[in-house]
Every structure is written in structure tokens, then in C-alpha cells.
Amino acid sequence: MKAILLAGGSGTRMAPMTSVVTKQLLPIYDKPMIYYPLSILLLAGLREILIISTPRDLPMIELLLGDGKNLGVSFSYAAQPKPEGIAQSLIIGEKFLNGQPCCLILGDNIFHGQTVVQAVERASKITKGACVFAYRVKDPERYGVVTLDAAGSATSIEEKPTQPKSPYAVTGLYFYDAEAPAIARSLKPSARGELEITDLNRAYMQRGTLKVETLGRGTAWLDTGTPDALLDAAQFVQTIEQRQGLKIACIEEIAFHKGFINALELEKLAVRYGKNDYGAYLKSVLAEA
């Protein structure tokens, strides 16, 4: 399975912070926002990752992440000239996917919790159909909303409904089989001129091949698309990291524990950060290992 990380969008809700840089490069406490969704892909064991962003922002993201060899993975890059929908990323990435199943994650989503790791590991084995993740929220009208029956199967999916039928929002993490790009091509643009990911998920639901994983208590899903949400996320990460002494979304640590890189390679990455807190943390990971 391959992966697509969509780090595009105009970021108008975050202006003027995003006037010259994509929101996915803004800091969430001690690391760039893009590290958080990237960490989920690494935790799922996915090592071939396509990063999609705007023509303006793509060079800066590539400067940050490089080709991925230092993490034992492979990063590719592609441009989304205009923000024409999340589902469009599957069309842009069709050649990269080369007929393989994929995971698609949005660059402004943060997931945390041990059950999240277990859920994405299960979903990464998908070969037929699709799997999405639902999370209970108090303001579902802001999101794509999925309604579930008593057996936990999806009965409806709506995009930002004025009267939601359910409190469960569909998060920005999706797993699809090899048919996803073709289905995305068949979609008609919405009233706002976008290929909606909700329409893609609905197509799988109508086929009877959509699985919904509910992320319950003990997990956290944060959408960092507004200044307030960005601050909330930073405080959330700060609280947990300072309490536990463990970092959230430390991609170098994850690569090491997943066996993508060895101790010597992790040590080189630690040296790169000198004596700052991040470098010291990587050295402590080595010491404990």
C-alpha cells in the first residue's frame, strides 16, 4: 500500500499567517504541522508517500522533508495547481499509486492514541473497498457526517449538513482500494466546484464496501484549520509531552522503532539538531534503546 498526504489548500481561514507559507508548515508546539499526519503514515508502516501541495508551497515542503532516505522511506511530490477537492488528490496521484491500494491523509489533521495506531495498522491491510474513521464531535455540521446503524455500518454520508443526523464526523484519514482514482474521475464537481471526498466515500457506501472505524474515548482527533484550533492543538501537544516526557509525532523516533532506520542513522539525525531539546530527545531515545 502507498500513501498520499494532501498538504494543499489556500489557507484563507489562517491568513495572514498563511499569506506566504502553507499552514502545514506552521508550528504545532515543537514541530511543523505536517509531521503529525506524516507520523500516522509511518505508524501504519507506509513507506512510499506522495506529498501534494500548491506550486508555491511544494518547494518549501520538499526542502523540509527531502527524499525521505534519512528516515528509511521514499517521498515523492506533486502539485495541485488549484484547490479543486480532496478527491482530486487521487487523480493527481494515480500514476504514483500504479494500481495499488492507498491511504489518503489531510495535512492539517492530528490523531493521538494507542487505539488509533492499532486501527491504521488494520486498515493498511485493505485490498477491497474503503475504510474511513468517524469521531464524535459536538459541532458535526462543520464536517462530513456519517450515520451508522446498530451494527456500525454506514447508512448515510452528508457533507456539512445543516441538520446532522449523527454526531459522528468523518476524519481526514481514508484507506482505499485500487479503484479509488477511477471512482474519483467519475465524480461530478459540487456546487463549490470541487470533487468532494464525501461523494467518493458515498460511492463506496452504495457499493456496500465502505467500512467505518469509530475512534472512541481515549483517542484525540484535532482539525487545525483555524487560529483557535492551531492554538488548542499546540497546548494539547505541550501538555502531553511535558507530562510524559515523550514526544508526539516525532518522525525520526517512529522510523527508528519501526525498523526503517538503525541506531547509527538515528544518531546522525540527532546530531543534526545539535544540543536543542529535539536533538536531546532523539539522543534519549537512543539511550533507552
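**Close-up 1. Helix H11, residues 277-288, has the length you'd expect.** Helices here are DSSP runs of H or I with at least four residues, strands are E runs of at least two, and both are numbered from the N terminus. This is a predicted model, where local features need pLDDT of at least 70, side-chain atom pairs count only at pLDDT 80 or more, and totals for chains, interfaces and linings use all residues. Residues are numbered from 1 along each chain as its sequence is written, and side-chain values use heavy atoms, leaving out hydrogens and water.

Close-up 2. Tyr-278, Gly-279, Tyr-281, Leu-282 and Val-285 are buried (under 20% relative accessible area; exposed is over 50%, partly exposed in between, with a 1.4 Å probe and protein chains only).

**Close-up 3. A cis peptide bond at Pro-16.** The bond from Ala-15 to Pro-16 has omega near 5°. Pro-16 belongs to the loop between strands E1 (2-6) and E2 (27-28).

**Close-up 4. Positive phi at Asn-98 and at Ala-249.** Asn-98, with phi of about 55°, is in the loop between H4 (94-97) and E6 (102-106); its 60% relative accessibility makes it exposed. Ala-249 has phi near 60°, and at 8% relative accessibility it counts as buried.

Note on methods: The expected span of a helix is 1.5 Å times one less than its number of residues.
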